[in-house]
Amino acid sequence: MVVGERDDGCGNQVTGQARRNAIISGKVQQGMTQTDVESALGKPDGITRRNGQVQYRYLNERGGRQTVSFDERGCVRK
């Protein structure tokens, strides 16, 4: 950990430039926070909560669907 760097609650798996690049390009990476995902993809079309875990569902114009799963800490998991 770099001195002065804040802990994102996800072990800082995605930091600095990699986080910014992912958000700007609308991509999701393991270790991103829920706030990061909403910055990258916008507010989800649906949210499911089960056993302390959360899933965001996004629908696109062509009828496709993307699901992003978070662990109990609110971090993207594979």
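Select Asp36 to begin: this residue is buried, with a relative accessible area of 9% (buried means under 20%, exposed over 50%, partly exposed in between, with a 1.4 Å probe and protein chains only). The model is predicted; local features need pLDDT of at least 70 and side-chain atom pairs count only at pLDDT 80 or more, while totals for chains, interfaces and linings use all residues. Residues are numbered from 1 along each chain as its sequence is written, and side-chain values use heavy atoms, with hydrogens and water left out.

Helices here are DSSP runs of H or I with at least four residues, strands are E runs of at least two, and both are numbered from the N terminus. Arg19 also counts as buried, at 16% relative accessibility.

The structure holds three salt bridges. For another, select Lys43 and Glu38, whose closest N and O atoms are 2.9 Å apart. Lys43 is exposed at 65% relative accessibility, whereas Glu38 is partly exposed at 22%. Then go to Arg73 and Asp71, where the closest N and O atoms are 3.5 Å apart; Asp71 is buried, with a relative accessible area of 13%.

Return to H2 and select residues 34-41. Which residues of this helix are buried? They are Asp36, Val37 and Ala40. Seen down the axis of H2, these residues fall within an arc of 95°, so they line one face of the helix (the arc is taken from the directions from the helix axis to the C-beta atoms). Their cover includes H1, E2 and E3. Just after H2, pick Gly42, which takes a positive phi of about 90°.

Next, show the strands. They make an open sheet of three in the order E1-E2-E3, with antiparallel pairing (two strands pair if DSSP finds at least two bridges between them). E1 and E3 are the edge strands, each pairing on one side only. Neighbouring strands are turned by 20° against each other on average, direction ignored. H2 packs on the sheet, touching E2 and E3, and its direction makes about 0° with that of E2. Contact means heavy atoms within 4.5 Å; axes are lines fitted to C-alpha atoms, for helices over the stretch in contact, and angles run from 0 to 180 degrees between N-to-C directions.

Five bridges join E1 to E2; select Gly46 to find it opposite Arg57 in E2. In the loop between E1 (46-50) and E2 (53-59) lies Asn51, whose phi is near 50°, a positive value in a residue other than glycine. Asn51 is exposed, with a relative accessible area of 75%.

E2 pairs with E3 (residues 65-70) over six bridges, and Tyr58 has Gln66 in E3 as its bridge partner. The two strands form a hairpin with five residues between them, and Gly63 in the turn has a positive phi of about 90°.

Finish at Cys10 and Cys75. Their sulfur atoms are 1.9 Å apart in a disulfide (a pair of cysteine sulfur atoms within 2.5 Å). This link joins distant parts of the chain, from the segment before helix H1 (16-25) to the segment after E3, 65 residues apart. The angle about the S-S bond is -95°, which is left-handed. Cys10 is buried at 1% relative accessibility, and Cys75 is buried with a relative accessible area of 1%.

Definitions and conventions:
Salt bridge = Lys/Arg side-chain N within 4 Å of Asp/Glu carboxyl O.
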